[in-house]
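The sequence and structure come first.

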Amino acid sequence: RFSIAWSRIFPNGDDTQPNEKGLQFYEEVIDECLKYGIEPLVTLSHYEFPLNLTLVYNGWLNRKTIYFFENYCKTVFTRFKDKVKYWITFNEINVLNYTLYASGGVITNEIENVEQARYQVAHHQFLASALAVKACHDIIPKAKIGAMLSSAIKYPLTSHPEDVLESLVDENKSLFYTDVQVRGKYPSYAKRMFEEKNVHLHMENGDEELLATHTVDFLSISYYSSGIVSVQKEGERVGGNLIGTIKNPYLEVSEWGWQIDPIGLRTTLNKLY
C-alpha cells in the first residue's frame with residue numbers, strides 16, 4: 001500500500017492539466033511493484049493537500065474542492081486503470097477529529113465554530129469519496145475502492161456505567177466517518193452529536209442520494225495501539241498516535257510509549273465487522 005500525492009499530479013490543485021512527470025514517477029513505482037508480483041493498493045489522499053487550495057479556497061471547507069479532487073481521481077484512474085485494481089479514498093478520514101489542517105487543508109485561525117467547520121469538511125469529503133467511487137467503477141469496472149479509518153479501541157477505565165458510555169461515545173466519534181461511507185447515510189446519533197456541537201450542515205439537493213448510491217467496496221484500517229477513556233479524565237498517561245491516553249496497567253508499552261495490544265486488534269476487527 002502506498003499513496004499518490006495529489007500535489008505531485010496537480011501542484012496547485014486546480015490546474016487544468018496534470019504534471020506529467022508526477023504521473024510518470026508513480027507509473028514507474030507501480031510497474032516495479034507488478035514486476036515482482038506485488039499488488040498495489042493506492043491511497044488517493046494522504047496529508048499531501050495542494051497548498052494553493054488552502055490559501056485560495058481554505059481547503060475542504062470550500063465545496064469547489066470536491067470537484068478538484070474528482071478531476072484528480074479521474075486522471076489517475078484513467079492513467080493507471082490497467083495496473084491498479086485496489087484504491088483507498090482518504091487516509092484515516094477520522095483524523096479530522098484532531099487536525100483540520102493536515103486532514104482538511106483548513107486554516108482555523110478566524111473560524112468561530114471549529115466544530116461546524118470540521119463536519120462541513122467531512123461532508124464535502126464524503127461527497128468527494130462518493131464521486132471517486134463512481135468514477136472508479138465507471139473507469140475501472142473490476143476495481144475495488146474503499147474507505148480507511150484510524151482505528152484504536154478505547155476501553156472504559158472502570159466498570160462504572162458512565163465510563164462504559166464514554167467509551168461508546170468516543171468510538172462513535174470515529175465510526176461516524178465510515179458509517180456514512182459504508183452505509184451511505186448519516187448515522188442516527190449524528191443528529192444528537194450535531195445538536196450538542198451547534199453544527200448545522202449545509203447540504204445541497206442530491207447530496208443524500210449521491211452518498212446512498214456510491215458507497216465504498218471495503219473498509220480498511222490502521223491500528224497502532226489501544227487506549228482508555230474515563231469521565232474522570234485522570235490517571236497516568238502514555239503516548240499514542242496523535243493523542244495520548246490513560247495508561248492501561250495490563251499492557252506493555254513500546255519505546256515510543258505506545259501500548260502493545262494485539263488482542264485489541266482482534267476486538268476491533270470483530271466490532272467493525
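Helices here are DSSP runs of H or I with at least four residues, numbered from the N terminus. The model is predicted.

## A loop position

Asn113 sits in the loop between helix 5 (100-104) and helix 6. With a relative accessible area of 25%, Asn113 is partly exposed.

Apart from its neighbours within four places in sequence, Asn113 is in contact with Lys197 and Asn198. Lys197 lies 84 residues away from Asn113 along the chain, while the C-alpha atoms of the two are separated by 8.9 Å.

## Helix 4

Helix 4 covers residues 64-80, which is 17 residues. At 1.5 Å a residue it should span 24 Å, and the 25 Å between its end C-alpha atoms agrees with that.

The buried residues of helix 4 are Thr65, Ile66, Phe68, Phe69, Glu70, Tyr72, Cys73, Thr75, Val76, Phe77 and Phe80.

## Packing of helix 4 on helix 6

Helix 6 takes in residues 114-139, and its axis comes within 9 Å of the axis of helix 4, the two crossing at roughly 25°. Because angles under 35 degrees count as roughly parallel, helix 4 is described as roughly parallel to helix 6. The crossing is right-handed.

On the helix 4 side, the contact is made by Ile66, Tyr67, Phe69, Glu70, Cys73, Lys74, Phe77 and Thr78. Helix 6 contributes His124, Leu127, Ala128, Leu131, Ala132, Ala135, Cys136 and Ile139.

## Packing of helix 4 on helix 2

Helix 2 (residues 20-35) packs with helix 4 at an angle of about 50°, and the axes are 11 Å apart. The two helices are therefore oblique to each other. This crossing, between helix 2 and helix 4, is right-handed.

Glu20, Leu23, Gln24, Tyr26, Glu27 and Ile30 of helix 2 make the contact with Thr75, Val76, Arg79 and Phe80 of helix 4.

## Cysteines

How many disulfides does the structure hold? The number is 0. Cys33 is in no disulfide, and the nearest cysteine sulfur, that of Cys136, is 17 Å away. Cys73 is likewise in no disulfide; for Cys73 the nearest cysteine sulfur is that of Cys136, at 8.9 Å.

A disulfide requires a pair of cysteine sulfur atoms within 2.5 Å. Cys33 is buried, with a relative accessible area of 15%. Cys73 is buried as well, with a relative accessible area of 1%. Both Cys73 and Cys136 take part in the contact between helix 4 and helix 6.

Conventions: Residues are numbered from 1 along each chain as its sequence is written. This is a predicted model: local features need pLDDT of at least 70, side-chain atom pairs count only at pLDDT 80 or more; totals for chains, interfaces and linings use all residues. Side-chain values use heavy atoms; hydrogens and water are left out. The expected span of a helix is 1.5 Å times one less than its number of residues. Buried means under 20% relative accessible area, exposed over 50%, partly exposed in between (1.4 Å probe, protein chains only). Axes are lines fitted to C-alpha atoms, for helices over the stretch in contact, and angles run from 0 to 180 degrees between N-to-C directions. Angles under 35 degrees count as roughly parallel, over 145 as roughly antiparallel, 65 to 115 as roughly perpendicular and the rest as oblique. A crossing is left-handed if the near helix is turned anticlockwise from the far one by less than a right angle, and right-handed if clockwise. Contact means heavy atoms within 4.5 Å.
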